[in-house]
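Colleague: I would like a close look at a single part of this model, taken strand by strand. Could you walk me through the pairing there?

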Amino acid sequence: MQQQAQPSPSPKPKKKIRVPRVVNGVEQMVEIEVDEDSGPGWGPNDKHRLLNQRITRVDGPLKAAGAARYTHDQRLPGMLYARILRCPHGHARVTKLDTDAASKIPGVKAFIQAPLTELRFAGAPVVAVAATTPEIAGDALRAIKVTYEVLPHVVHAAYAIKPEAPKVVAEENNLQEKGKNGDPTKVEAAFATADEIVEAEYTSPRIHHACLETHGMVVDYRGGDSATIYASTQGTFTIPGDAAKELGLKESNVVSSVEHMGGGFGSKFGIGTEGMLACRLSKQTKAPVKMMLTRYDEFVMAGNRSAAWQKLKAGVKRDGTIVALQARQYRLGGIGQGSQAGQPFIYTMGDTYREIYALHTNEDSAIAMRAPGYPQASFAAESLVDELAHKIKMDPLEFRKKNLRDQVYHRQLDRGAREIGWSRRNPVAGGNPGPLKRGIGCAVGIWGGGGNNQCKVDVTISRDGSVVVAVGTQDLGTGTRTYMRAIVAEEFGLGIKDVKEQIGNSKLGGANPSGGSTTAPSLSPSVKDAAIKTRLLMAQRVAPLLGNAKPEEVAFADAKVSANGKSMTWREACASLPAAGITGHGEWRSDLQARGVHGVCFAEVEVDVETGFVKPIKMVHVQDGGLPLNRLTFESQINGGMIQSLGMALYEERVMDAQLGMQLNPGFGDYKLPGTLEMPEMVPIIDDDDKREAVIGVAEGCNIPAVGALANAVFNACGVRVRDLPITPDKILMGLMNTSTSRA
Amino acid sequence: MAKHDSSRRKFLKGVGIAGAGAAIADHIWTEGEAKEEQQSTPAATSGEVKVVLNVNGQPRTVQIEPRTTLLNAMRDRLEPAVTGPKLVCDMGTCGACTVLLDGKPAYSCLVLAIDAAGKKITTVEGLGTTDKPNAVQAAFVEHDALMCGFCTPGFVTTISAYLKKNPNPSLDEVREACKGNFCRCGTYPRVFEAALAAATRRSQI
C-alpha cells in the first residue's frame with residue numbers, strides 16, 4: 001500500500017556558517033548549513049529567572065555525600081583488574097617477552113601485548129595483564145620478563161635540535177618545519193625604525209593534566225554480541241565505535257556510560273591505548289575488565305601539555321607602538337606534533353614574521369590541554385610585551401591598550417586594574433623596600449568557545465507532571481546537568497527540582513565531545529530548542545481547556561499554565577496530555593550561541609629576595625562569555641583557570657633524566673600541584689558589560705592569561721625576569737645575583 | 001619501573017607473610033570470628049585472612065591478603081563496596097582517600113586493612129547522605145566547592161574532622177587543615193568558604 005506523498009513544506013532559508021568541531025580535543029573549523037531564521041532567542045541577559053543566577057549544581061549533593069558514581073567506582077560480578085607493563089627505556093624494541101612465570105601466579109587470567117613494535121618513550125605500553133585483584137595484577141607485572149634492544153634516545157629539546165642527536169623516528173629529522181608566515185624583509189626594515197628592541201627566549205616545560213580520576217574504563221563484555229563501556233571520558237560518543245572494533249561487535253551494540261567523570265582538561269577522548277588493551281583482554285577472557293591507569297601510568301603515558309620554546313624579537317617606538325616582531329617557535333610535543341598558538345598572539349605588532357617548527361623528543365605525545373597551545377604562547381607574548389613596556393618606561397597597562405585593537409580588552413583592563421589596585425603598583429621593578437617585595441602584573445587572553453550542530457536533545461513531559469531533558473552528553477564538572485535543567489525549567493515556569501536530566505549514555509541523543517569549550521554553546525541551544533518545541537506542543541494540548549485560547553497565548557509561569565484569564569496548575573495541565581506524554585526534539589541553533597571570548601588577569605605576588613620564594617597574594621580575572629548560564633559555576637571555572645595557571649607559572653614541570661630517558665617526577669609526591677597553602681585571594685569577575693544574548697564556552701578562556709600576569713608580577717616585585725617556567729626560587733635567586741653583579 | 005609499583009607485598013614478605021598474618025590475626029579477629037574460622041577453615045587461598053572492618057557503624061567481614069590497603073579493601077573487596085574514598089595517588093599525598101580512623105583523618109591508601117580492624121572507620125558516606133548531609137556537605141553544595149567532585153569526599157572528610165577539633169577556625173587554619181588534600185579543577189577558594197560557613201553550623205557536623 002502506497003501512501004500519498006505529503007506536500008513538502010517550503011524549504012526554510014538556509015545560510016552557511018563556520019563552526020568549531022573538536023577532534024581529539026582540538027578545534028577544527030568546518031562549514032555547515034543552518035536555518036536563517038530559527039525562533040525566539042534567549043532575551044536580555046538580565047531578564048532571566050534561573051539562567052544568569054547562582055544555582056547550586058544539581059549533582060552537588062551526590063558528590064558531597066560520596067554517592068556520585070564514577071568509572072573508577074564500577075565493580076561488576078566476575079570483573080578482572082587490568083594493569084599495563086611499561087617500557088623503562090627512552091627508546092627500545094622488545095626482543096623477547098616471557099610471561100611464563102607471571103601466568104603461573106594464581107589469579108592471573110590473560111595477557112595482551114601492546115601493538116607497538118618500536119617503543120619511542122619510557123612509559124610506552126608493552127603488555128597488559130588481567131587478574132582477579134589489582135594486587136595480583138601488580139604481581140604479574142613484576143613477574144613478566146622483557147628483553148629489550150635499547151636504542152639511543154633524546155629527551156631534551158636543546159639536544160634534540162642538534163644534528164648529531166639520536167633520531168626519534170629513524171631517517172627523519174627531529175626538527176620539522178610547520179609553517180612560515182609574513183615577510184622577513186619587511187620585518188627587518190621595520191626593526192630599523194624601532195627605538196628599542198627586545199630579543200628573548202621563553203620556554204615552558206611539559207606539564208600534566210593530572211586528572212584526579214586517571215584515564216580508563218570498565219569494559220563489560222561477557223561473550224555474546226553486546227557490551228557496555230563505562231568510561232572516564234570527555235566524549236560519550238567517542239567510545240562505542242573504537243570499542244566495538246576491538247571487541248568485534250556492531251557499533252550499535254556497544255553502549256558507553258559516563259555518569260560522572262573525575263576531570264579531563266583535554267586529555268580524555270576516545271578509548272586510548274589503555275582502552276584498546278582493556279577491550280582485548282575482555283574479549284579474550286569473556287569477563288568484565290577494569291582498566292584504570294595507575295598514577296604513574298597517568299604521568300608517563302596519558303598525555304601532557306606541549307612544552308614550548310619561543311625565540312622572539314620585537315621592536316618598539318618610544319611612543320609605545322610595537323612595529324615589528326620576529327618569532328621562531330618550537331612546539332615540543334614529544335613524539336607528537338605539540339601545539340602552540342602563533343605569535344604575536346593577540347597583539348598588533350606591526351610587521352611580523354614567524355616560523356613554527358615541531359621539535360621531537362623521546363617522550364609521549366603531548367595532547368590537548370585546556371586551551372591547547374594558548375597558555376604557552378600567551379606567557380611568551382605577555383612577557384615580551386612587559387619587557388618592551390619596561391624598556392621604554394611606559395606603564396605596561398597603557399602599553400597594552402596601545403597595542404590591543406579590541407576595545408573589550410580596554411574595558412576589562414580598566415576593570416581589573418581597579419579590582420587589584422593597579423595604582424598601588426610601584427613602577428620601579430624591585431623598587432619596594434625590604435626583603436619581602438610585592439609586585440603586580442597583568443595579561444590578556446582570547447578564545448573561541450563557539451558551538452556546533454551535534455547535540456540532539458529530547459524534552460519529555462509526562463502526565464504525572466514530570467519533566468525530563470535527555471541527551472547523551474557528559475558533565476565534566478562544568479555544571480552541564482544544572483544548566484540543562486535551568487533552561488527547561490525557565491521555559492516552563494518551573495523550578496530546578498521539577499526537571500530531571502538524563503545524560504552520559506550513548507543510547508541517548510547525540511552530543512559533541514567536550515573540547516575547546518564547545519559543550520555549552522553546542523548543548524544549550526539544542527536544549528532551549530527542545531524546550532521551546534515541547535512548550536508549543538503542550539500549549540496546543542491545553543489551549544482548548546483555557547477558553548479556546550490560541551496556543552501562542554498560553555503562558556507558563558510560577559508552575560501554572562494560563563491564558564484568557566484562566567489558569568491551571570502544572571499538574572492539572574499535564575493531566576491533559578496523552579498517556580505517553582509529549583516529547584519535543586531539539587536541534588542546535590546557531591543564533592543562540594556565539595564565538596569569541598576575552599579575559600584579563602591581574603596578579604599580585606610577594607617575592608622574598610633572600611630565599612627566592614614567591615607567595616601569590618591576589619589574583620583577579622575578568623571574563624566575558626555572552627549569557628552566563630549559571631554565575632556560580634561560571635565563577636568556579638574562572639577560579640579553576642587561575643589556579644591551573646598558577647601551577648604552570650610557579651610549580652609544575654615534568655623533569656626528564658637525559659641519561660635514563662625517563663621522567664623523574666611521575667607522582668604527586670614530586671610533581672608539584674598547587675595546593676591549599678599556595679592559594680592567593682581570588683576574585684573571579686564575570687564581565688556583564690558583554691551584552692551578547694548568546695551562550696559561549698568559557699573554560700579555556702579562563703585558563704590563558706594568568707601565567708603571563710604572574711610572571712610579570714614577579715618581575716615587578718623583584719626586577720628579575722624569569723623566562724623559563726616554572727618560576728622557582730633558584731631562578732629568582734640566580735636572577736638577583738646576576739642583577740647585582742651587573743650593577744657592581 | 002618496578003620501583004614505582006606498590007611494594008607492600010615485598011614489605012610483608014620481608015617480615016614473613018605467615019608471621020605477619022599470624023601476628024596481625026591476634027589483634028584483628030574477635031574471639032568469635034577466630035573460632036568460626038577454625039571450625040570452617042576453608043582451603044587457604046593465596047594467604048588471605050579474614051578481617052572485620054567497622055565501617056560507618058557496620059561490622060563488615062572481608063577476606064583479603066594482608067598487603068591489601070584499607071582503601072582497596074573498601075573499594076574492591078567489601079560487598080557492597082564503599083566507594084566514597086577515591087584512589088588517586090596511591091602514595092599518601094593527595095588526600096582523596098581520606099577516612100576517619102577513630103575520628104582522626106588518615107589516608108586509607110597508606111593503611112593496611114588489617115591494621116584498621118578494631119578501629120572505627122568513618123568514610124564520607126558515614127558523615128551524611130544526599131538527603132541528610134552534614135553541615136560540611138551542605139556547605140560544599142551551597143558554595144560550589146566542587147566541580148568534577150573526585151577530591152570532594154576527601155576534603156569533606158578532612159574538614160568535618162577538623163571542625164570538631166577546632167570549631168571556630170580562621171581561613172589560615174582551614175588552609176593548613178586541608179593542605180594534604182589536592183584538587184585539580186580549582187575549587188580551593190570555595191572549599192575554604194564552605195569550611196568557614198560550615199563552622200557556623202557546627203552542631204550539624
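Modeller: I will begin with an open sheet of 3 strands in chain A, whose order is β6-β4-β8 and whose pairing is antiparallel. Because β6 (118–119) and β8 (145–150) of chain A stand at the edges with a single partner strand each, one side of each is left without a neighbour in the sheet. Strands here are DSSP runs of E of at least two residues, numbered from the N terminus, and two of them pair if DSSP finds at least two bridges between them. Strand β4 (residues 92–98) of chain A runs antiparallel to β8(A) and is joined to it by 6 bridges, with A:Val94 standing opposite A:Tyr148 in β8(A).

This is a predicted model, in which local features need pLDDT of at least 70, side-chain atom pairs count only at pLDDT 80 or more, and totals for chains, interfaces and linings use all residues. Residues are numbered from 1 along each chain as its sequence is written, while chains are lettered from A and ligands numbered from 1 in the order in which they are written.

Turning to another strand, β26 (residues 597–608) of chain A has 10 of its 12 residues buried, so it is largely enclosed by the rest of the structure; buried means that 20 or more other C-beta atoms, placed from the backbone, lie within 10 Å of the residue's own. Strand β18 (residues 436–447) of chain A pairs with β26(A) in the antiparallel sense over 12 bridges, and A:Gly439 stands opposite A:Val605 in β26(A). Strand β27 (residues 614–623) of chain A is also antiparallel to β26(A), through 9 bridges, and A:Met619 in β27(A) is the bridge partner of A:Ala603. β26(A) and β27(A) form a hairpin with 5 residues between them, and A:Gly612 in the turn has a positive phi of about 80 degrees.

Definitions and conventions:
Helices (H or I, at least four residues) and strands (E, at least two) are DSSP runs, numbered from the N terminus.
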